[in-house]
Amino acid sequence: MKFFIDTANLDQIKEAQALGVLDGVTTNPSLMAKEGISGKNNILKHYVDICSIVEGDVSAEVIATDLEGMIKEGEELVELHEQIVVKVPMIKDGLKALKYFSDKGIRTNCTLVFSLGQALLAAKAGATYVSPFIGRLDDISTDGLNLIAEIRHVYDNYAFDTQILAASVRHTMHVIDCAKLGADVMTGPLSSIEGLLKHPLTDIGLAKFLADYQKGN
Ligand code: E4P
């Protein structure tokens with residue numbers, strides 16, 4: 001299972017990278033705005049900065065919502081760095097753009113996916129990743145994890161190559177449940193990854209080992 005961090009904050013990306021278990025980064029326009037990154041040139045530069053910190057895939061989202069605009073932006077984004085994956089929204093022109101990019105060998109991440117039908121379309125169009133937003137589904141009393149299970153089942157039925165990228169992960173249990181369900185990737189905040197480290201018995205056991213060591217020395 002790949003771990004992506006879902007942020008545009010360079011310090012957090014560096015911290016996650018230093019853990020040694022990071023496989024990539026996802027961003028979106030809201031995450032860029034949160035870091036105060038605005039204006040096309042600054043945004044493009046920020047993607048390059050992120051690519052210089054991590055070794056894996058970095059999702060960069062198109063802003064256009066028409067086919068021609070998405071193609072133009074996507075082609076510009078992939079020229080920035082070999083690690084860039086073009087993030088395309090699940091709308092009609094987005095579907096066409098996914099197919100266009102896939103035919104050209106350009107890697108894509110189909111974003112804003114909330115249903116099995118949308119995930120099926122993304123796979124048919126040849127998306128590299130499909131991003132079901134589990135946290136946002138949970139927010140509206142709909143079981144986000146169930147969508148991961150359904151997509152896994154259908155993708156396995158037909159051996160689709162599209163990787164399931166569980167997005168909008170909010171906490172550590174989401175990560176664990178996504179792993180159990182066979183999501184290929186998860187993207188979440190640094191805290192969702194660091195939470196995996198925690199166990200009180202580890203802390204108690206380490207304290208005892210250190211105390212016993214001190215007694216004998
Ligand atoms: C996906 O790539 C999105 O950037 C992200 O996971 C959205 O998460 P949120 O629902 O916490 O905003």
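**Exercise 1. Find how close the ligand comes to the side chain of asparagine 28, then look around the rest of the site.**

Let's start with asparagine 28: an N or O atom in its side chain lies 2.7 Å from an oxygen atom of the ligand. Keep in mind that this is a predicted model.

Next, turn to lysine 87, where the side chain has an N or O atom 2.6 Å from a ligand oxygen. For arginine 136, the corresponding distance to an oxygen atom of the ligand is 2.7 Å.

Finally, widen the view. The residues surrounding the ligand are Asp6, Thr26, Asn28, Lys87, Phe133, Arg136, Ala167, Ser168, Arg170 and Thr187.

**Exercise 2. Work out how helix 4 and helix 5 are oriented to each other.**

Begin with the geometry: helix 4 (residues 67-80) packs against helix 5 (residues 92-103) at about 40°, and their axes are 9 Å apart. Angles from 65 to 115 degrees count as roughly perpendicular and those under 35 as roughly parallel, so this pair is oblique.

Now the contact itself. Helix 4 contributes Leu67, Met70, Ile71, Gly74 and Glu75, while helix 5 brings Asp93, Gly94, Lys96, Ala97, Tyr100 and Phe101. By type, these residues are six nonpolar, two polar and three charged. The crossing is right-handed.

**Exercise 3. Describe the contact between helix 6 and helix 8.**

First, the angle between helix 6 (residues 116-124) and helix 8 (residues 144-158) is about 40°, with axes 10 Å apart. The crossing of helix 6 and helix 8 is right-handed.

Then list the partners: Leu116, Ala119, Leu120, Ala122 and Ala123 of helix 6 meet Leu147, Glu150, Ile151, Val154 and Tyr155 of helix 8. Sorting them gives nine nonpolar, no polar and one charged residue.

Methods: Residues numbered from 1 in each chain as written. Predicted model: local features only at pLDDT ≥ 70, side-chain atom pairs only at ≥ 80, totals over all residues. Heavy atoms only, no water. Axes fitted to C-alpha atoms, helices over the stretch in contact; angles between N-to-C directions. Helix = DSSP H or I, 4+ residues; strand = E, 2+ residues; numbered from the N terminus. Parallel < 35°, antiparallel > 145°, perpendicular 65-115°, else oblique. Left-handed = near helix turned anticlockwise from the far one by under 90°. Contact = heavy atoms within 4.5 Å. Nonpolar A, V, L, I, M, F, W, Y, C, P; charged D, E, K, R; others polar. Near = heavy atom within 4 Å. Polar contact = N/O pair within 3.5 Å; in protein donor to acceptor, adjacent residues only side chain to side chain.
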